[in-house]
Amino acid sequence: MVNALGIDYSEWIGSLEKGRPLWGLLYDAQSDDGSTVVYFTRNEVVTRVLIDLVNGGLHGHNGEARVLKTLISESSNAGKYRSFVIDVLVRARSKITDLFTFEQGRDLYEAALAGLAAEDRLIEHHFGIWIQDKGPKDGAAYRQLEKALHSSAASGSDRDAPREHIHASMAAATLAQIRGGMLDWNQGAERARNHLRLASSPTFFNAHSSHVAANLLVEAAQLAAQKQDRETADKFTIDAFEEIEKAFQTVGAKARASFQYNKTLGMLEDL
């Protein structure tokens with residue numbers, strides 16, 4: 001990545017030597033796949049100081065957004081650092097949601113996607129979630145999620161976005177459009193129910209995903225009740241109970257010994 005940014009690698013290494021500007025502030029380690037060397041700050045204090053320098057001592061995160069955009073653009077163009085892009089835009093999405101404006105985050109996702117040599121369903125999906133969480137509720141999130149649904153998974157990737165997850169996100173986007181008055185109730189309710197049906201595949205099970213689907217079904221039932229559509233509310237409620245029952249039956253009693261499953265089942269019971 002150092003070379004991808006146009007920085008001489010020998011100068012970078014030299015800056016880490018004793019007595020040089022970065023000495024003692026960063027440490028090196030092997031990447032998870034052992035293919036390269038990565039650098040980390042020594043502690044939170046160092047991280048805070050470096051971030052303040054990047055932002056020019058100003059309140060806000062414009063400097064961080066600018067630097068991240070450059071790193072993501074060069075990483076995508078180099079074609080070798082997808083893991084870095086995933087770390088920022090997927091694993092740390094909740095963190096950048098707290099830091100950046102909708103426009104800043106949008107620029108990061110667009111920079112990543114523009115530099116890729118092939119489609120990447122995972123990044124496309126999380127871009128849709130970003131729009132849903134931070135952007136206008138005018139259907140843009142749904143359109144982006146639809147694009148993600150029809151995208152291919154990154155070649156050779158060990159992490160992907162199952163289409164069932166995307167359907168759950170599309171159901172959430174649909175309900176948001178209904179609440180915002182951007183979508184007719186009858187049309188939206190049928191669309192949401194169809195996506196939730198596809199999110200619950202007989203060949204795919206994930207305890208967390210099952211909880212998300214059940215929660216969305218409960219939310220849809222409540223929305224139907226507000227619309228005085230008792231028949232549809234009953235259908236969503238029955239679907240929610242069926243999803244919860246399937247989760248309990250699939251996971252089984254032995255899951256009680258697993259903290260991860262036990263936590264998810266506890267959330268399902270709360271519904």
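On a 1 Å grid over the protein atoms alone, a cavity is a set of points where a 1.4 Å probe fits but cannot get out, while a pocket is an open set with protein on both sides within 12 Å along at least five of seven lines; lining residues have an atom within 4 Å of a point. Points are joined across faces, edges and corners, and a volume is the space filled by probe spheres set on them.

This is a predicted model, where local features need pLDDT of at least 70, side-chain atom pairs count only at pLDDT 80 or more, and totals for chains, interfaces and linings use all residues. Residues are numbered from 1 along each chain as its sequence is written, and side-chain values use heavy atoms, leaving out hydrogens and water.

By this rule there are two cavities of 30 Å³ or more.

| Space | Volume | Lining |
|---|---|---|
| Second largest cavity | about 50 Å³ | six nonpolar, three polar, two charged |
| Second largest pocket | about 490 Å³ | seven nonpolar, eight polar, three charged |

Helices H8 (140-149) and H9 (163-179) each supply at least two residues to that cavity's lining; helices are DSSP runs (H or I, at least four residues), numbered from the N terminus. Among the cavity's lining residues are Gln132, Tyr142 and Gln177. In the pocket, His125, Ile129, Ser169, His208 and Val212 lie nearest the centre.

Conventions. Ala, Val, Leu, Ile, Met, Phe, Trp, Tyr, Cys and Pro count as nonpolar, Asp, Glu, Lys and Arg as charged, and the others, Gly among them, as polar.
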